[in-house]
Amino acid sequence: MNAFLLLSTLNLSLGGLVFLLGFLILRENPGQRLNRVVALMLFFGGLGAVFAALSFMASRGGTAAAPGTLRDLSYVWELFFPTLFLFASIFP
């Protein structure tokens, strides 16, 4: 197995687990503000890892750049940092 494929798969699976953890935290108590903020933070962090892995796998196909839609969506994960600041602001 190629190390590049192994690392991309690991990145994809860990990002998916972080995304799932955010969903589980949100399902626990969606009415509480802290749960919503932590879930949002984990959603964006997980999306960053998933989009990075997908773009790595897409670039392995022979072209050097990822498809346009995937490349445009990869900037969404940067919303992790404002939610991290919000989490740091409201956490006791």
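**View 1. Phe87 and its partners.** Leaving aside its neighbours within four places in sequence, Phe87 is in contact (heavy atoms within 4.5 Å) with Leu34, Val37, Val38 and Met41. A quick note before going on: this is a predicted model, in which local features need pLDDT of at least 70 and side-chain atom pairs count only at pLDDT 80 or more, while totals for chains, interfaces and linings use all residues. Residues are numbered from 1 along each chain as its sequence is written, and side-chain values use heavy atoms, with hydrogens and water left out.

**View 2. The largest nonpolar core.** Phe87 turns up again here, together with Val37, Val38, Met41 and Leu42, and these five residues make up the largest nonpolar core. Helix α2 (residues 33-59) is the top contributor to this core, with four residues. To count as a nonpolar core, a set must be made of buried Ala, Val, Leu, Ile, Met, Phe, Trp, Tyr and Cys residues joined through side-chain atoms within 4.5 Å. Buried stands for under 20% relative accessible area, exposed for over 50%, and partly exposed for anything in between (1.4 Å probe, protein chains only).

**View 3. An aromatic pair at Phe87.** Searching the whole structure turns up four aromatic pairs. One of them joins Phe87 and Phe91, whose ring centres are 5.2 Å apart with 35 degrees between the planes, so the pair is tilted. The rule for Phe, Tyr and Trp (its six-membered ring) is that ring centres lie within 6.5 Å; planes under 30 degrees apart count as stacked, over 60 as edge-to-face and the rest as tilted. Phe91 counts as partly exposed because its relative accessibility is 46%.

**View 4. Thr83 in helix α4.** Thr83 sits in helix α4 (residues 80-90). Not counting residues up to four places away in sequence, Thr83 touches Val37, Leu40, Met41 and Phe44.

**View 5. Asn35 in helix α2.** Asn35 belongs to helix α2 and counts as buried because its relative accessibility is 11%. Set aside residues up to four places away in sequence, and Asn35 touches Ile25, Glu28 and Asn29.

View 6. With 26 residues, α1 reaches 37 Å from its first C-alpha to its last, close to the 38 Å expected at 1.5 Å a residue (that is, 1.5 Å times one less than its number of residues). Which residues of α1 are buried? They are Ser8, Gly15 and Gly22, and they pack against α2. Ser13 also lies in α1 (residues 3-28), but with a relative accessible area of 38% Ser13 is partly exposed. The side chain of Ser13 reaches the backbone oxygen of Leu10 at 3.0 Å. Ser13 and Ala53 are 40 residues apart in sequence, yet their C-alpha atoms are 9.0 Å apart in space.

**View 7. The whole chain.** Zooming out, the protein chain has four helices and zero strands, running α-α-α-α from the N terminus on. Helices (H or I, at least four residues) and strands (E, at least two) are DSSP runs, numbered from the N terminus. Of the 92 residues in the protein chain, 23% are buried. Among contacts with a separation of 6 or more, 68% are between residues 24 or more positions apart.

Definitions and conventions: Polar contact = N/O pair within 3.5 Å; in protein donor to acceptor, adjacent residues only side chain to side chain.
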